[in-house]
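Here is a short report on one protein model. Look over the structure first, then read on with it beside you.

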Amino acid sequence: MKTKTQIFYLEKAFIIFLLFIFFIYNLYKINYGLPYFTNIDEIRYQYGALSYLSFLSGYYGFAEPVIGPLISLILILKFIFINEILINFQSIDEIANKIYFNPEIFILYGRIASLTTATISIFFLFLIFKKLKINFLVYSFLLLTFASSLPVYNVASYFGKHSHFLLVFLIQLYFLFKYLVKIDRFNFKSYIIFAFLGSMAWGILYWPAFISIYAVLILHFKRFNFSKIHYLLIFFAIFVLCGPTFGMLIYNVPILEFLATGEQLKNLEIIS
């Protein structure tokens, strides 16, 4: 019992230390290129985020997909509130003027938002390893490798949707393994969870939404076989309404635009 308690506190101390070091280390490197160099994708993504504040920013036209920029904007506004208002005691007008004359500040906060999401992603990867009961020495090495890899650094230091993609990808995997390990806990509420996770994934980068679809199908037939089919219908109804349909209404594009351009969709031919 004492050994298990020691391992528990060791694991807890390890993940807290890893998340802290990962965040602080990348935070000091996150302002690379600013204010003179910015990635063209970051500029486009910035316009998508500012479109949600069109009544203030003057930018119109949502980025596609639509949920990623919204998540980034929420995090950016929280960081601005903490740093600019609570710490620096600036007014709303002062903040607006500061960002207007120094637009790179918005991108910097956006990168911090991506770094925050990437840090949370590492935590969910830790939870997945714990759920699968992988040995501490094994998963600690895997987490260190993952956190120090160049792809993760690129995702964490870039103002874009890819850090949100990584997070929602891992969250869906976490719930999949959670219910696979204890299938008796898979119930109606689980379908709702996967429906909203899938909808969010669709609104971030389309493809990770298929994890929720596969997960629900696998778990449903493992738990209920061919009974309770209405659970599946409710899942797909919520997913389609909050995912593809919502994105189509906001962005005004065909529902299959992610598979092909609008011009290609118009010219589809039936091959016999």
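## Helix 10

Start with helix 10, which covers residues 188-205. This is a predicted model. Helix 10 has 18 residues, and at 1.5 Å a residue they should span 26 Å.

Which residues of helix 10 are buried? The list is Ser 190, Tyr 191, Phe 194, Ala 195, Leu 197, Gly 198, Ser 199, Ala 201, Trp 202, Gly 203, Ile 204 and Leu 205. Now look at the two ends. At the start of helix 10, a side-chain oxygen of Asn 187 comes to within 3.1 Å of the backbone nitrogen of Lys 189. After helix 10 comes Tyr 206, with a positive phi near 60°.

## The whole protein

Now step back. The protein has 13 helices and zero strands. Its elements, read from the N terminus, run α-α-α-α-α-α-α-α-α-α-α-α-α.

There are 272 residues in the protein, and 43% of them are buried. Contacts also tell us about the fold. Take those with a separation of 6 or more: 74% of them join residues 24 or more positions apart.

## Helix 7 and its two sides

Helix 7 spans residues 136-147 and has twelve residues. From first C-alpha to last it reaches 16 Å, close to the 16 Å expected at 1.5 Å a residue. At its start, a side-chain oxygen of Asn 135 lies within 2.9 Å of the backbone nitrogen of Leu 137.

Phe 136, Tyr 139, Ser 140, Leu 143 and Ala 147 are buried in helix 7. Why do the buried residues line one face of the helix? Seen down the axis of helix 7, they fall within an arc of 105°, so they line one face. An α-helix has 3.6 residues a turn, so residues three or four places apart point the same way. On the other side of helix 7, Leu 137 and Phe 141 are exposed.

## Aromatic pairs

How many aromatic pairs does a search of the whole structure find? It finds 27. One of them joins Phe 106 and Phe 159. Their ring centres are 6.2 Å apart and their planes meet at 70°, so the pair is edge-to-face.

Phe 106 lies in helix 6 (residues 104-131). Phe 159 lies in the loop between helix 8 (150-156) and helix 9 (162-181). The pair therefore ties together parts that are 53 residues apart in sequence. Phe 123 is partly exposed at 32% relative accessibility, whereas Phe 124 is buried at 17%.

## Charges over rings

The charged end of Lys 29 sits over the ring of Tyr 153, 4.6 Å from the ring centre. The charged end of Arg 111 sits over the ring of Tyr 32, 4.1 Å from the centre of that ring.

Is Ser 163 buried or exposed? Ser 163 is in helix 9, and its 1% relative accessibility makes it buried. Leaving out residues up to four places away in sequence, Ser 163 touches Ser 114, Thr 117, Ala 118, Ser 121 and Val 155.

Phe 89 is found in the loop between helix 4 (67-87) and helix 5 (92-101). Its relative accessibility is 69%, so Phe 89 counts as exposed. Beyond its neighbours within four places in sequence, Phe 89 is in contact with Glu 84 and Glu 94.

Lys 222 belongs to helix 11 (residues 209-223). At 51% relative accessibility, Lys 222 counts as exposed, since the cut-off is over 50%. Not counting residues up to four places away in sequence, Lys 222 touches Leu 180 and Ile 183. Lys 222 and Phe 186 are 36 residues apart along the chain, and their C-alpha atoms are separated by 9.8 Å.

How values were computed: Residues numbered from 1 in each chain as written. Predicted model: local features only at pLDDT ≥ 70, side-chain atom pairs only at ≥ 80, totals over all residues. Heavy atoms only, no water. Phe/Tyr/Trp six-rings, centres within 6.5 Å; stacked < 30°, edge-to-face > 60°. Helix = DSSP H or I, 4+ residues; strand = E, 2+ residues; numbered from the N terminus. Buried < 20%, exposed > 50% of the residue type's maximum accessible area, 1.4 Å probe, protein only. Lys NZ or Arg CZ within 6 Å of the ring centre and 35° of its normal. Expected span 1.5 Å × (residues − 1). Arc of directions from axis to C-beta. Polar contact = N/O pair within 3.5 Å; in protein donor to acceptor, adjacent residues only side chain to side chain. Contact = heavy atoms within 4.5 Å.
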